[in-house]
Amino acid sequence: DYSRTVHPTRQALEANLAALEGAKFGLCFASGMAATSTVIEMLEPGDHVVSCNDLYGGIYRAFTKVFERFGIKFSFVNATDLKAVEAAMTPKTKLLWIETPSNPMLQITDIKKVCALARAKGVKVAVDNTFATPVLQRPLDLGADLIVHSTTKYLGGHSDVVGGCVVTSDEEIYHKL
């Protein structure tokens, strides 16, 4: 089998990253952007994403310049304002995307509250935990469905290695990814 399909070293890394976040499953990618793109690729044309408005510029550009062309809709809101998050949700909202602390303004979103809101509406929550790392917060413990990291940053020594990961305890999400 090709090493890019199944490789014991990568499987060990995935298992360890999942364990750090308290997750059952981990998947590694060539970059944080590849991990993010894979999460969005779970969606269908017509689906809607509510995203924090203060987020890494590369992700904003991918959302607006790439994925919108394929029929995925995005609304950008101040995720620290629970009422703004709720007001942006529609019946087509399938995913809430937050970064906390955010990049670049380091805004802090109450993960537990936004997850409770999303869960009540049947919306999955993805948390980019790149800045905080599992050392400072574990979003799955607060109700998130999946966590994304650019392992290029703090987990990997900030540019010592380029990579990304997604972790989840949701087996359905894992298999889709």
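This is a predicted model: local features need pLDDT of at least 70, side-chain atom pairs count only at pLDDT 80 or more; totals for chains, interfaces and linings use all residues.
The whole structure holds six salt bridges, and three of them are described below. The largest nonpolar core has 46 residues, with Leu96 and Trp97 touching the most other members.

**Helix H1**

- H1 is built from 14 residues, and the distance from its first C-alpha to its last is 20 Å, close to the 20 Å expected at 1.5 Å a residue.
- Glu14, Leu17, Ala18 and Glu21 are the buried residues to look for in H1. They sit on the same side of the helix, because the arc they cover around the axis is only 100°.
- What do the buried residues of H1 pack against? Their partners are strand E1 (25-29), helix H6 (133-136), strand E6 (146-150) and strand E7.
- On the face turned away from this buried side, H1 carries the exposed residues Pro8 and Thr9.

- Arg10 and Glu14 join their side chains in a salt bridge, at 3.4 Å from N to O.
- Both residues belong to H1 (residues 8-21), where they are four residues apart, or about one turn of the helix.
- Is Glu14 buried or exposed? Glu14 has 10% relative accessibility, so it counts as buried, being under the 20% cut-off.
- Arg10 has a relative accessibility of 23% and therefore counts as partly exposed, as the range for that class runs between 20% and 50%.

- Lys124 pairs with Asp170 in a salt bridge, and their closest N and O atoms are 3.4 Å apart.
- Lys124 lies in strand E5 (residues 124-128), whereas Asp170 is in the loop between strand E7 (164-168) and helix H7 (171-176), so this pair ties together parts that are 46 residues apart in sequence.
- Lys124 is partly exposed, at 35% relative accessible area.
- Asp170 is also partly exposed, with a value of 21%.

**The Arg138 and Asp141 pair**

- Another salt bridge brings together the side chains of Arg138 and Asp141, with 3.1 Å from N to O.
- Arg138 is partly exposed, having a relative accessible area of 29%.
- Asp141 reaches 53% relative accessibility, so it counts as exposed.

**The nonpolar core**

- Which residues touch the most other members of the largest nonpolar core? They are Leu96 and Trp97, in a core of 46 residues. Helix H5 (residues 111-120) gives this core its largest share, five residues.
- Leaving aside residues up to four places away in sequence, Leu96 touches Val50, Val85, Met89, Val114, Ala118, Val123, Lys124, Val125 and Ala126.
- One of those contacts, Lys124, is the residue that forms the salt bridge with Asp170.

**Asn103 in its loop**

- Where does Asn103 lie? Look for Asn103 in the loop between strand E4 (93-99) and H5.
- With a relative accessible area of 18%, Asn103 is buried.
- Asn103 touches Asp54, Leu55, Tyr56 and Phe131, again not counting residues up to four places away in sequence.

Methods
Residues are numbered from 1 along each chain as its sequence is written. Side-chain values use heavy atoms; hydrogens and water are left out. A salt bridge is a side-chain nitrogen of Lys or Arg within 4 Å of a carboxyl oxygen of Asp or Glu. Helices (H or I, at least four residues) and strands (E, at least two) are DSSP runs, numbered from the N terminus. Buried means under 20% relative accessible area, exposed over 50%, partly exposed in between (1.4 Å probe, protein chains only). A nonpolar core is a set of buried Ala, Val, Leu, Ile, Met, Phe, Trp, Tyr and Cys residues joined through side-chain atoms within 4.5 Å. Contact means heavy atoms within 4.5 Å. The expected span of a helix is 1.5 Å times one less than its number of residues. The arc is that of the directions from the helix axis to the C-beta atoms.
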